[in-house]
Amino acid sequence: MKFNVMLAGLAALSLSMAAAAQPAPEAGPEFSADRFRAYVTYLADDRLEGREAGSAGYDTAARYVSGQFQALGLRPAMTGGSWLQPIRFLRYRVSGTPMLRIGRRTFPQGETVSFRPMPEGGPIQVEAPAVFVGFGLDAPEYGIDDYAGLDVRGKIVVALSAAPLNLAGRVPNDVISHLVYNKRRMAAAHGAIGLIEIRPPTRTGVRQTPAAAAAASRPGVSWIDQRGRPYSDAPSIRFHAAVDRPTASEMFGAVRQRLDGALMSAGGGGGAPNGFDLRTRVRAEQRNGIEPFTSPNVLAVIPGTDPALAHEYVLLMAHLDHLGIRAPRADDTPATDRIRNGAMDNATGIATLLEVARAMMREGNRPRRPILIAAVTAEEIGLLGASYLAQNVPVDGRVISVVNLDMPILTYDFQDVTAFGAEHSTMGPIVTRAAARMGVGVSPDPLPQQGLFVRSDHYRFVLEGVPSVFLMTGFANGGREHFTGFLENEYHSPRDDLSQPFNWEAGARFARLNYLIAREIADAAEAPRWYADSYFGRTLGGDRPRAERPASAAAR
């Protein structure tokens, strides 16, 4: 799971739809707390060294999962009987000292400029006119068209970072996150060849640079396509940099007051300023060091029983990787522990995956539709294993929906869940029915500012038009304290290990709930449909059939 760890204000959040009393367990497959614990215990062991994509520890985890698939009687998904979908990756870092030249001035990487790494090994030299495009967002459905009247073909676009504050309340948070995430894609769609984002000043007016420098030092990663090219959702964008006000002022030249107005508007909750030609040329010079590596997805199939539905696959997915061995953080205890074991994030998701697969394979219990079971790699470095899978599905059919399993907090007896993405498609009622069968409530998103719908692996399938959902254990019954405590103390640290007070029965219940969801999708007469008024369905759903939203559900 990818989180911005910002917890201020959570104490004020309220819950709705508290869970009903637990009903008597239904007859059906058994979900074992002991098996769940055994899966997590193996995957979070120090011997796997944090399961970083491309590492020996990850490969050990992949062999373990494929062995479990085989023991359960699943079918290998890959041609030739292999469980592994090999993926070639390219890791790239900024090398040397990139330069941004504006007029006669040169701004090197560091104080006020931060270049993002790019997957080109040779020198990058781009020179073109610059055009200011406000926040650089393009969503006509919400009256947002920052490129209106501007010709940016073959030019470098300059945009304010993030999104205007006045979108809150009139544009759903997950849509805002989607738009911000796709700024580079939007710039490329309009023909731009470079993107510069202007970071807002801090309250004191002086931005501290170490964080920016640290961000620039982090590598980028991309997978390699069948033609040997690094995958990019914006291939025309040759460079991407972030700048602070001193550098931005130079680009605005004689109209610097318009930059001041734009920054004041952005900081004060105003709308997007109008774009205009900056009447200056910008030259970017950059070099990147590149390093190839490989890491596989682990894929299996549960065949369906209905030949008429044999080409409609339900994807059940969890990421297998974590962060590996990293330098100790200042607050790590013990300081010598460098292994990010990823017990909650995401050995629990893989344990859920295995328990659901076991239930689906129970004799006489096979689903109507086939199930594609995926333990994917490289989530922690950009949802990349899921991205590759979304564009290289190795089955003789199409994925009709995704149930994603990512970092349930299992240190308490959860009584409710949040189902991210459920409001966008007919998967929502399926989740509600499954939860009701277990006496579990379904609560609204308690962290709307995080935009979590676009920050886990299923999002890569949403971009391909596939209705998707993933569940987070909710804030009822002390869940808020457990969840925020995990984010503050264990998330992405060596403390996300087996020393946490796991509630293994909660793990078994979480597996049962996801089984009920996936099972109803697999057995339903119709595949899930986007709601006709869903932004994601309208803009990404292509020619897939839509459904009318029930009158009781709010439009998104």
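**Close-up views of a predicted model**

View 1. Arg279 counts as exposed, because its relative accessibility is 79% and the cut-off for exposed is over 50%. Please keep in mind, here and in every view below, that this is a predicted model. Arg279 sits in strand S13, which covers residues 276-294. Now look at the backbone: the phi of Arg279 is positive, about 55°, although Arg279 is not a glycine.

**View 2. Arg51, a buried residue in a loop.** Arg51 belongs to the loop between H1 and H2. Is Arg51 buried or exposed? With a relative accessibility of 0%, Arg51 counts as buried, since buried means under 20%. Its backbone also deserves a look, as the phi of Arg51 is near 55°, a positive value in a residue other than glycine.

**View 3. Helices H1 and H2, one against the other.** Helix H1 spans residues 33-43 and helix H2 spans residues 56-72; their axes come within 10 Å and cross at roughly 155°. The two helices are therefore roughly antiparallel to each other, as angles over 145 degrees count that way. Which residues of H1 and H2 meet? From H1 come Ala38, Tyr39, Tyr42 and Leu43, and they meet Thr60, Ala61, Tyr64 and Gln68 of H2. Sorted by class, this contact has 6 nonpolar residues, 2 polar ones and no charged ones.

**View 4. Helix H10 and its buried side.** Helix H10 runs over residues 427-437, and its buried residues include Met427, Gly428, Ile430, Val431, Ala434 and Ala435. These residues lie on the same side of H10, because they cover an arc of only 160° around the axis. What covers them? Among the elements doing so are strands S19 (398-405), S20 (416-420), S21 (441-442) and S22 (468-473), together with helix H13 (504-523). Just after H10, find Gly439, which takes a positive phi of about 70°.

**View 5. Ala511 in helix H13.** Stay with helix H13, where Ala511 has its place. The relative accessible area of Ala511 is 0%, so Ala511 is buried. Which residues does Ala511 touch, leaving out those up to four places away in sequence? They are Phe31, Thr352, Glu355 and Val356.

View 6. Asp345 and Asn346 are joined by a cis peptide bond, with omega at about 15°. Asn346 lies in helix H8, made of residues 343-360. For comparison, most peptide bonds are trans.

**View 7. Ser249 in helix H6.** Helix H6 covers residues 245-252, and Ser249 is in it. Ser249 counts as buried because its relative accessibility is 14%, and buried means under 20%. Not counting residues up to four places away in sequence, Ser249 touches Arg256 and Leu259.

**View 8. Stepping back to the chain.** The chain has 556 residues, and 55% of them count as buried. Its secondary structure comes to 14 helices and 24 strands. Among contacts with a separation of 6 or more, 84% are between residues 24 or more positions apart. The accessible surface comes to about 22100 Å², and 51% of that belongs to carbon and sulfur atoms.

Technical notes:
Residues are numbered from 1 along each chain as its sequence is written. This is a predicted model: local features need pLDDT of at least 70, side-chain atom pairs count only at pLDDT 80 or more; totals for chains, interfaces and linings use all residues. Side-chain values use heavy atoms; hydrogens and water are left out. Axes are lines fitted to C-alpha atoms, for helices over the stretch in contact, and angles run from 0 to 180 degrees between N-to-C directions. Helices (H or I, at least four residues) and strands (E, at least two) are DSSP runs, numbered from the N terminus. Angles under 35 degrees count as roughly parallel, over 145 as roughly antiparallel, 65 to 115 as roughly perpendicular and the rest as oblique. Contact means heavy atoms within 4.5 Å. Ala, Val, Leu, Ile, Met, Phe, Trp, Tyr, Cys and Pro count as nonpolar, Asp, Glu, Lys and Arg as charged, and the others, Gly among them, as polar. Buried means under 20% relative accessible area, exposed over 50%, partly exposed in between (1.4 Å probe, protein chains only). Accessible areas come from the Shrake-Rupley method with a 1.4 Å probe; for residues, only the protein chains shown count as cover. The arc is that of the directions from the helix axis to the C-beta atoms.
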